[in-house]
Amino acid sequence: LTDIISTGGQILILHDELLHKVFSYLPVDSYGSLALVSPHWKHLTRTEAVYRRLCERLYLQQSKRKQLHLSRFGGKYRTMLEQRPRVRAAGGCYVLKYSHIKKIQRDMWTEIPVGAILETVYYRYFYFQEDGRVLYALSSTAPHEMFRRLLKVCLKKKGDPAAVWGTFEVQKDILTITARQEWHTVRFKLTIGSDKMSGKFGLLTLDEHQSSPSGCFDYWSNDLVEYDVPDG
């Protein structure tokens with residue numbers, strides 16, 4: 001016991017079930033960091049029982065049909081966690097950046113210096129929660145400042161003029177987000193992907209962007225608006 005405490009801390013005095021109860025308040029992706037603390041913590045956080053808890057936390061909330069379908073992953077929860085698409089919730093904020101270079105119209109009244117570039121930049125922020133909610137914001141504010149504002153909304157329950165709450169669901173690798181703004185409801189469809197920079201399931205690609213004042217997104221809706229998806 002002394003050796004375990006010296007390598008993993010006094011928290012390991014607690015029974016494993018109590019430890020897992022404490023860990024349940026942490027984001028799912030934190031388990032990877034916990035496994036690096038010591039060999040005992042690695043063993044504690046990398047069991048099939050733990051993977052089952054994590055899959056239930058993630059997929060029963062995020063998936064459209066609220067089912068796990070364990071047989072599709074060889075009957076192993078670890079394989080499901082590694083292969084089944086999901087979004088990083090309760091700690092993961094996704095940012096979609098759009099930039100556009102505007103051509104400068106020069107005439108006798110133009111005061112913009114020669115060589116200057118007019119660039120429009122805005123961001124879409126998606127801060128996912130494990131309970132199926134998502135905090136959505138459209139803003140020109142840079143990420144380093146916007147992250148603090150979104151975190152304040154989540155932790156201190158304070159509103160932000162740029163952010164609204166919505167819901168999301170995942171079906172295969174397609175993520176659907178719906179959020180109600182003051183003048184209309186917006187809906188996005190995105191593809192969940194991975195790359196070397198963003199990591200596993202850290203990449204979102206915007207496929208569809210729609211809005212409806214009535215909140216109806218059926219094809220026959222008379223107030224449905226579909227927007228062009230920007231390339232950048």
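Analyst: Happy to! A polar contact is a pair of N or O atoms within 3.5 Å; within protein, one must be able to donate a hydrogen and the other to accept it, and residues adjacent in sequence count only if both atoms are side-chain atoms. This is a predicted model, where local features need pLDDT of at least 70 and side-chain atom pairs count only at pLDDT 80 or more, while totals for chains, interfaces and linings use all residues. Residues are numbered from 1 along each chain as its sequence is written, and side-chain values use heavy atoms, leaving out hydrogens and water.

Let's start with T141. Its side chain makes a polar contact of 2.9 Å with the side chain of S139, and another, of 3.3 Å, with that of R149. T141 sits in the loop between β3 (133-139) and α7 (143-156); helices (H or I, at least four residues) and strands (E, at least two) are DSSP runs, numbered from the N terminus. With a relative accessible area of 16%, T141 is buried, meaning under 20% with a 1.4 Å probe, protein chains only. Leaving aside residues up to four places away in sequence, T141 touches Y123, Y125, M146 and R149, where contact means heavy atoms within 4.5 Å.

Now for the cores. A nonpolar core is a set of buried Ala, Val, Leu, Ile, Met, Phe, Trp, Tyr and Cys residues joined through side-chain atoms within 4.5 Å. The largest one has 20 residues, and F126 and F188 are among those with the most contacts inside it. Elements giving it two or more residues include β2 (118-128) and β3, while β6 gives the most, with four residues.

Key: Buried means under 20% relative accessible area, exposed over 50%, partly exposed in between (1.4 Å probe, protein chains only).
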